[in-house]
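Me: I am new to this one and would like a friendly walk through it. Could we look at it together?

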Amino acid sequence: MGEFYVPVAIESIEPEIFPDVALFLKSGNNYVLYKSHGRNFDREDAARLMGNSVACLYVRPADLEVLTDYMENNAERLLKSDSFDSKTKGKIIYQTSINFVGDLFQHPEKVEDFDRSRRLIENLLLYLANDKEALRSLETVMSYNYHTFVHSLQVTALSILLHSEVYLLSRDELEDVGIGTLLHDFGKIFVPQDILNKSGKLTETEIAQFKKHPEEGYRYLKEKTRLSEVSLDVVRFHHERNNGTGYPNGLKAALIPRSAQVCALCDLYCTLTIDRTGRKALPPHISINIIRQEMKDSFNSRLVDALEALVCVEEMSMPL
Ligand SMILES: [Fe+2]
């Protein structure tokens, strides 16, 4: 993953309790020291930066653990507070989650800390349930950067909302779905970086290697964690397609667990709507059209209808 400085939303820095870490400003591709270790960050700093339209500061990789602890211990309280708007809460959720999921991708053994995953999904549920603007706010916030784990979080938020629209799930089931979806691409830690980052076409051997990630993620998580069958199913089957053209098992519709179907659809949708090197992000309604026309029969049409209703709200209300 390289040297990855982590953005911290300025609103989420509470001077009295924020840990004493060096904070950096981003200037082009460089990070410039704003506050060194040992110097206070006070409310005036926050006001000045926000007055200059600076939305976030950055923390260097060496301080990630301290930051993650702070965010995870305070997320619930910050999310329940009335003093933040939807966008700020989106930033807080994003912050907590990328630190955590990023951490997992770098230190896979930490996935054994099951309570941590559960706490994160609880916070995400809290945010999604109490805020109508949640999905859109998260999308805006996520445009900061894009990594496997940011993608995982985006797919998870969408998948939880889609599940709530289409199925009647208990709180526990929804948490299981959330955890499985958050970890759906966990098996990518076993795929060599040069395959994951290759910009040209993959060779057949590389494709075969890549396609092992659902099964490898499933095996690792089954052995190392207490994840439920529902969560594990999402990891194992998130590349299956309704018409049997998916992998690893080429399962057909009824045999694919429904939460894996939802994850597969949200995974593809989030891939289409994000800006990536070599391809521009597609707007929601075009992405849905592609899924309907070019990938006909790959997904359950009831799920596609519900997804469209969730993500195309603005387009539908606009005059033609
Ligand atoms: Fe995947």
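Here are a few questions and answers about this predicted model.

Me: What is the mean pLDDT of the protein chain?
Reply: Happy to start there, as this is a predicted model. Of the chain's residues, 93% reach a pLDDT of 70 or more. Averaged over the protein chain, the pLDDT is 85.

Me: Are α4 and α6 roughly parallel or oblique to each other?
Reply: Helix α4 covers residues 114-130 and helix α6 covers residues 148-166. Their axes come within 11 Å and cross at roughly 55°. Angles under 35 degrees would count as roughly parallel, and 65 to 115 as roughly perpendicular. The two helices, α4 and α6, are therefore oblique.

Me: How many nonpolar residues does the contact of α4 with α6 have?
Reply: The crossing of these helices, α4 and α6, is right-handed. On the α4 side the contact is made by I121, L124, L125 and L128, and on the α6 side by L153, T156, A157, I160 and L161. By class, the contact has no charged residues, 1 polar and, for nonpolar, 8.

Me: Does S298 count as buried or exposed?
Reply: You will find S298 in the loop between α13 (284-293) and α14 (301-311). Leaving aside neighbours within four places in sequence, S298 is in contact with R241, N242 and N243. Buried means under 20% relative accessible area. S298 has 10% relative accessibility, so S298 counts as buried.

Key: Residues are numbered from 1 along each chain as its sequence is written. This is a predicted model: local features need pLDDT of at least 70, side-chain atom pairs count only at pLDDT 80 or more; totals for chains, interfaces and linings use all residues. Side-chain values use heavy atoms; hydrogens and water are left out. pLDDT is the predictor's confidence in each residue, from 0 to 100. Axes are lines fitted to C-alpha atoms, for helices over the stretch in contact, and angles run from 0 to 180 degrees between N-to-C directions. Helices (H or I, at least four residues) and strands (E, at least two) are DSSP runs, numbered from the N terminus. Angles under 35 degrees count as roughly parallel, over 145 as roughly antiparallel, 65 to 115 as roughly perpendicular and the rest as oblique. A crossing is left-handed if the near helix is turned anticlockwise from the far one by less than a right angle, and right-handed if clockwise. Contact means heavy atoms within 4.5 Å. Ala, Val, Leu, Ile, Met, Phe, Trp, Tyr, Cys and Pro count as nonpolar, Asp, Glu, Lys and Arg as charged, and the others, Gly among them, as polar. Buried means under 20% relative accessible area, exposed over 50%, partly exposed in between (1.4 Å probe, protein chains only).
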